[in-house]
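Keep the sequence and the model side by side while you read.

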Amino acid sequence: MSKFWSPIVSTLKPYVAGEQPRMQNLVKLNTNENPYGPSPKAVAAIQAEAGDGLRLYPDPLSLKLRQAIAGLHGVDASEVFVGNGSDEVLAHAFQALLKHDKPLVYPDITYSFYPVYCLLYGIAAQTIPLDDKFEIRLEDYQRDCGAIILPNPNAPTGIGLPLSGIEALVAANPGKPVVIDEAYIDFGGETAIPLTRKYDNLLVIHTLSKSRSMAGLRVGFAIGQRHLIEALERVKDSFNSYPIDRLAEAGATAAIEDVAWFDETRHKVMESRDRVTGALRQRGFEVLPSLANFIFARHPGHSGASLAAGLRAVSVLVRHFDKPRISDFLRISIGTREECDRLIEAIDVVI
Ligand code: PMP
């Protein structure tokens, strides 16, 4: 605490990301990275750009990338916004679309950046408890509020929402922004992007960090009707009128265009997820039904903290949250087949 700090900084508890240790032989399953790496075409595009091109400022409109995303999702490039990771896109959405007099509603157990942004930008927040199966009950979101944000699938539970339920919520809340954070949607969920044609209050946010395995590049995007995208652009232009750098635009465009790599790698992740889920259930774990590239699991005989520490001792890193209701769970990212095998062997040592 310093006398120079603003009142917001004094109360702010910044988001703490999962650790990124550099240990040899570590099976790193703690930050939901994709083990298969980006499309080789994306890597080649970054390498090609990483020369004299860097003299030049990036395209302030990121037009090539927005056109590629628009083409993939059947919208117009003017309905696409890109930023440095979906975290930045979310930050702009919070600043641009959320009101200060009426609360933003989101689940009590969800992505921990939402409360950070609410504090930072002075947005009132109201959290709705997950039900006893750790599911989001969409009926609970029909209330007097300024806006709604829901991740689909939710994090860290991995549980998905049906598109019909999302559509009903969006339709029942005209005039209120409904933001769907689809960071993990490509691992088996159904995207709400097509609904943006029909509903002027729906903004859908995606990332290239997970299903396109480019967490290090920091690229995310939002799709919505033009007036919502224009709001994000106004914030962006006041903040940093170059949304992403030249390497990121080149790599992300090639990654979006390489649908074959995207499909092959995400399906491998989904297969491993189902295999790990089965193996953990056989060993007595309760595993929540996941549509993400991670699973959320607990064992009746062991605390989450002791399991995480035991796994760490044998060089397997998973995420444990010391938070009410979920402190007995582990969030385990899905690695390669070999990494998943090592996880299961390590579990057998620890339980
Ligand atoms: N939304 C959710 C639900 C997430 O879990 C994450 C990843 N931590 C993000 C958004 C942000 O991802 P990125 O900034 O890498 O695009």
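The report goes from the annotated domain to the ligand, then to single elements and residues.

## Ground rules

This is a predicted model: local features need pLDDT of at least 70, side-chain atom pairs count only at pLDDT 80 or more, and totals for chains, interfaces and linings use all residues. Numbering starts from 1 along each chain, as its sequence is written.

## The annotated domain

UniProt, in an unreviewed entry, gives residues 25-347 the annotation "domain: Aminotransferase class I/classII large". UniProt positions follow the numbering used here, feature names are shortened, and annotations may be inferred rather than shown by experiment. The span is 38% helix and 15% strand. Its end C-alpha atoms lie 17 Å apart. Helices (H or I, at least four residues) and strands (E, at least two) are DSSP runs, numbered from the N terminus.

## Around the ligand

Which residues surround the ligand? They are Gly85, Ser86, Asp87, Tyr111, Pro151, Ala155, Asp181, Ala183, Thr207, Ser209, Ala215 and Gly220. A residue counts as near the molecule if its C-beta atom, placed from the backbone, lies within 6 Å of it. Helix H4 (residues 85-97) gives the most to this shell, with three residues.

The shell divides into five nonpolar, five polar and two charged residues. Here Ala, Val, Leu, Ile, Met, Phe, Trp, Tyr, Cys and Pro count as nonpolar, Asp, Glu, Lys and Arg as charged, and the others, Gly among them, as polar.

## Lys210

The unreviewed UniProt entry places "modified residue: N6-(pyridoxal phosphate)lysine" at Lys210. Lys210 lies in the loop between strand E7 (202-207) and strand E8 (220-224). Is Lys210 buried or exposed? Lys210 counts as buried, because it has 25 C-beta neighbours inside 10 Å. The cut-offs are 20 or more other C-beta atoms within 10 Å for buried, 12 or fewer for exposed, and partly exposed in between, with C-beta atoms placed from the backbone.

Leaving aside neighbours within four places in sequence, Lys210 is in contact (C-beta atoms, placed from the backbone, within 7 Å) with Asn32, Asn34, Ala183, Tyr184 and Asn293.

Helix H3 (residues 63-73) has Leu65, Arg66, Ala68 and Ile69 as its buried residues. Seen down the axis of H3, these fall within an arc of 160°, so they line one face of the helix. The arc is that of the directions from the helix axis to the C-beta atoms. Their cover includes strand E2 (80-83), E8 and helix H8 (246-257). Gly74 follows H3 and has a positive phi, near 65°.

Strand E2 is covered on both faces. Val80 and Val82 are buried on one side, Phe81 and Gly83 on the other. E2 and E8 run antiparallel and are joined by four bridges. Phe81 has Ala222 in E8 as its bridge partner.

## A three-stranded sheet

Three strands form an open, antiparallel sheet in the order E9-E10-E12. Strand E9 (286-287) and strand E12 (330-333) stand at the edges with a single partner strand each, so one side of each is left without a neighbour in the sheet. Strands pair here if DSSP finds at least two bridges between them. Strand E10 (residues 294-298) is joined to E12 by four bridges. Phe296 stands opposite Arg331 in E12.

## Ile136

Ile136 lies in the loop between strand E4 (125-128) and strand E5 (147-151). Ile136 counts as buried, because it has 24 C-beta neighbours inside 10 Å. Beyond its neighbours within four places in sequence, Ile136 is in contact with Pro107, Leu130, Leu150, Asn154 and Leu161.

Terms used
Contact = placed C-beta atoms within 7 Å.
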